[in-house]
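Dear colleague,

I am handing over the structure below, and after it you will find my notes on what turned up in it. Please read them with the structure open beside you.

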Amino acid sequence: MTTFNTNAPPILFEVRRGYAVITLNRPKQLNAFNTEMHYALQNALTKVESDDDIRAVMITGAGRGFCAGQDLSDVNPTKRQYDLSEPITAFYNPLIKRLQALKKPKIAVVNGVAAGAGIGLALVCDIVLSANNAKFAMAFGKIALVPDSGVTWFLVRLLGPNKAKALMLTNTVLTAEEAEQYGLVWRLYDPMLLTKRAEALTRQLAYGPQVGTRLTIAAFDQAETNTLDEQLDVEAEFQRQAGYSDDYKEGVAAFLEKRLAEFYKKNS
Ligand code: T3D
């Protein structure tokens with residue numbers, strides 16, 4: 001039988017060379033969100049945003065789940081009813097907006113089931129890796145709620161309106177393979193290999209060019225709503241900024257000198 005440490009912190013936060021790892025740490029509840037976990041995640045994100053040595057971030061879950069959305073035992077409506085827009089506007093919306101605004105590469109490492117707001121947490125990341133035995137449970141409809149945490153926004157863009165609605169209205173639980181086919185996931189890995197592969201990818205992004213990477217993320221974010229004319233202007237402006245970066249000088253010098261570019265030199 002698995003035993004769980006009830007005094008464990010709701011988030012584990014580790015800074016490694018060039019990147020941070022955030023681990024949602026309520027494994028008994030499949031890392032469902034409660035208020036403490038929201039606050040701890042906010043604190044972790046403050047560190048990620050403010051520390052220039054953190055150039056990328058991995059978000060994953062402890063135990064057999066990634067994140068099961070809201071902790072339902074915390075909000076049990078049979079005991080007490082309240083305005084559900086409050087936790088959404090106080091916690092979930094700021095979390096998704098903050099992650100969307102963070103232009104350092106964010107890698108969701110879906111180690112097990114993701115449900116409800118846990119799917120929004122994964123989809124707001126720039127790259128989603130998943131264990132090939134993970135599941136993506138839409139969940140909201142099953143408890144008579146509507147999708148939140150940006151899930152309607154992400155799914156309609158990934159799948160188109162009809163497929164997105166069908167998925168949600170039927171409370172479908174996607175397998176990892178289906179999630180990959182639908183574009184929710186970038187790569188699937190054997191669970192034994194997932195962490196190593198995710199760390200390697202996160203390091204690759206952390207040690208890559210920073211200005212260009214951040215502007216690339218921002219450019220794709222703006223492409224969601226821009227016209228082609230507007231987007232061409234964005235690309236020109238971002239290219240102007242990237243062209244003044246030391247990383248660009250290093251990238252071109254390395255090419256001409258037939259060597260590997262070194263964009264990350266800390267402690268080396
Ligand atoms: O309320 C607001 O603030 C509004 C915001 C809403 C945002 C949302 O996220 S709404 C959606 C909330 N989430 C869900 O409805 C998901 C509920 N969970 C499930 O449907 C299933 O647990 C899963 C599909 C995620 C996994 O199924 P399975 O069969 O692999 O695991 P299980 O046996 O159901 O769960 C394992 C344990 O985790 C179990 O506890 P136990 O019996 O071993 O002590 C279960 O109660 C617990 N657990 C799973 N999800 C939650 C949870 N505990 C609290 N809250 C959960 N969301």
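Just after H5, Asn-171 takes a positive phi of about 50 degrees. This is a predicted model, in which local features need pLDDT of at least 70 and side-chain atom pairs count only at pLDDT 80 or more, while totals for chains, interfaces and linings use all residues. Residues are numbered from 1 along each chain as its sequence is written, and side-chain values use heavy atoms, with hydrogens and water left out.

Helix H5 itself spans residues 161-169, and in it Ala-164, Leu-167 and Met-168 are buried; here buried means under 20% relative accessible area, exposed over 50%, and partly exposed in between, with a 1.4 Å probe and protein chains only. Helices (H or I, at least four residues) and strands (E, at least two) are DSSP runs, numbered from the N terminus. The buried residues of H5 pack against helix H4 (151-159) and strand S9 (173-175), with contact meaning heavy atoms within 4.5 Å. On the face turned away from that buried side, H5 carries the exposed residues Asn-162, Lys-165 and Leu-169.

Turning to aromatic rings, a search of the whole structure finds four pairs, where rings of Phe, Tyr and Trp (its six-membered ring) pair if their centres lie within 6.5 Å, and planes under 30 degrees apart count as stacked, over 60 as edge-to-face and the rest as tilted. One of these is the edge-to-face pair of Phe-33 and Tyr-92, at 5.4 Å centre to centre and with 80 degrees between the planes. Phe-33 lies in the loop between strand S2 (19-24) and helix H1 (35-50), and Tyr-92 in helix H2 (residues 85-101), so this pair ties together parts that are 59 residues apart in sequence. Both Phe-33 and Tyr-92 are buried.

The rings of Tyr-39 and Phe-91 are also edge-to-face, because their centres are 5.4 Å apart and their planes stand at 85 degrees. Since Tyr-39 lies in helix H1 and Phe-91 in helix H2, that pair ties together parts that are 52 residues apart in sequence. Tyr-39 is partly exposed, with a relative accessible area of 46%, whereas Phe-91 is buried, with a relative accessible area of 14%.

With kind regards
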